[in-house]
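The exercises below go through one protein model, element by element. Look at the structure first, then try each task before reading its solution.

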Amino acid sequence: MNPMFFEPKPLVVTEDKATQIMESMLLQQYQNSPNLKEYMGCFLAELDILFAETERVYLGRFIEYAVGEQQDVLGIILGQSRAVALPTAWFGFTDAGTVTIPGIAGFSDEATPADGGILRDENSQGFTVTPLDDITYRRLLLVKAMCNNLISVDVNTQYYLIQTLIGKVPKVMKLTSTVAFTTALEVSASDVSLAETALIDYTSKYFMPTGHTLTITRT
């Protein structure tokens, strides 16, 4: 698995594991006994369900398969909550751009497809901090897990972690040391959205040296 292009995997389990085990262990002389197989199948059907659910629970503990509350448990282990305070540009109108309203963005277009505001829906109601969706949270957990096991971080690792976090390789992505204790990240605006840059900025505390800051520019 290359986490640079990490995407969630569909959780596929064996639905008839007990039946398969029975047929593999059945003596040859009973292989063509449909009545016996049907009789045993009445008991094995329950075991098939049990094996399938056990496999779902087991695989659900892995980052690539975990969803919902399963991800929340992994977040507790890794020390990373789903409720991340990121600046969100909600969709709205800004008086033809003549008045700047914090937190409001208009339509995107073909030139800047990643610049549009996000529609606020009922899933965002009741939250002071809007929780991350499963796909975004999975990438954040993966990066946090990788950072927890790093002794040091070089520039190649920083590129790798950023690409993992946004799930793609932008056409433009350049890290440059500007002044003391400051690193500048330049990314293409057509590939990296405002929300993604906010996520990179939040996560940079895990892969930037202590005392260093990261500035992000979309071009």
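**Exercise 1. The sheet**

What is the order of the three strands in the open sheet, and what kind of pairing does the sheet have?

Solution. The model is a predicted one.

Step 1. The strands of this open sheet are arranged as β3-β4-β5, and their pairing is mixed.

Step 2. The edge positions belong to β3 (173-177) and β5 (213-218); each has a single partner strand, so one side of each lacks a neighbour in the sheet.

Step 3. On average, and with direction ignored, neighbouring strands of the sheet are turned by 20° against each other.

**Exercise 2. The pairing, strand by strand**

Solution. 

Step 1. Strands pair through backbone hydrogen bonds, in a parallel or an antiparallel way.

Step 2. β3 pairs with β4 (residues 182-187) in the antiparallel sense, over five bridges. Leucine 175 has leucine 185 of β4 as its bridge partner. Lysine 174 is opposite glutamate 186, and methionine 173 is opposite valine 187.

Step 3. β4 and β5 pair in the parallel sense, over six bridges. Here threonine 183 faces leucine 214 of β5.

**Exercise 3. Two helices in contact**

At roughly what angle do the axes of helix α1 and helix α2 cross? Classify the arrangement and describe the contact.

Solution. 

Step 1. The axes of α1 (residues 17-25) and α2 (residues 34-59) come within 6 Å and cross at roughly 130°.

Step 2. An angle over 145 degrees would count as roughly antiparallel, and one from 65 to 115 as roughly perpendicular. The α1 and α2 pair is therefore oblique.

Step 3. From α1, the contact takes in Lys17, Ala18, Thr19, Ile21 and Met22. From α2, Met40, Leu44, Leu47, Asp48 and Phe51 take part.

Step 4. Sorted by class, this contact has seven nonpolar residues, one polar residue and two charged residues.

**Exercise 4. Two residues compared**

Is leucine 132 buried or exposed?

Solution. 

Step 1. Leucine 132 is found in the loop between β2 (104-105) and α4 (134-148). With a relative accessibility of 10%, leucine 132 counts as buried.

Step 2. Not counting residues up to four places away in sequence, leucine 132 touches Arg82, Val84, Leu86, Tyr137 and Leu140. One of these, Arg82, is 50 residues away in sequence, with a C-alpha to C-alpha distance of 5.6 Å from leucine 132.

Step 3. Glutamate 69 is located in helix α3 (residues 69-78).

Step 4. Glutamate 69 and aspartate 134 are separated by 65 residues in sequence and by 9.8 Å between their C-alpha atoms.

**Exercise 5. The whole chain**

How many helices and strands does the protein have?

Solution. 

Step 1. The count is six helices and five strands, which follow the pattern α-α-α-β-β-α-α-β-β-α-β along the sequence.

Step 2. Of the 219 residues, 32% count as buried.

Step 3. Among contacts between residues at least 6 apart in sequence, 62% join residues at least 24 apart.

Step 4. The accessible surface is about 13,600 Å², and carbon and sulfur atoms account for 58% of this surface.

Technical notes. Residues numbered from 1 in each chain as written. Predicted model: local features only at pLDDT ≥ 70, side-chain atom pairs only at ≥ 80, totals over all residues. Heavy atoms only, no water. Axes fitted to C-alpha atoms, helices over the stretch in contact; angles between N-to-C directions. Helix = DSSP H or I, 4+ residues; strand = E, 2+ residues; numbered from the N terminus. Parallel < 35°, antiparallel > 145°, perpendicular 65-115°, else oblique. Contact = heavy atoms within 4.5 Å. Nonpolar A, V, L, I, M, F, W, Y, C, P; charged D, E, K, R; others polar. Pairing = 2+ DSSP bridges. Buried < 20%, exposed > 50% of the residue type's maximum accessible area, 1.4 Å probe, protein only. Areas by Shrake-Rupley, 256 points an atom, 1.4 Å probe, with all protein chains shown as cover.
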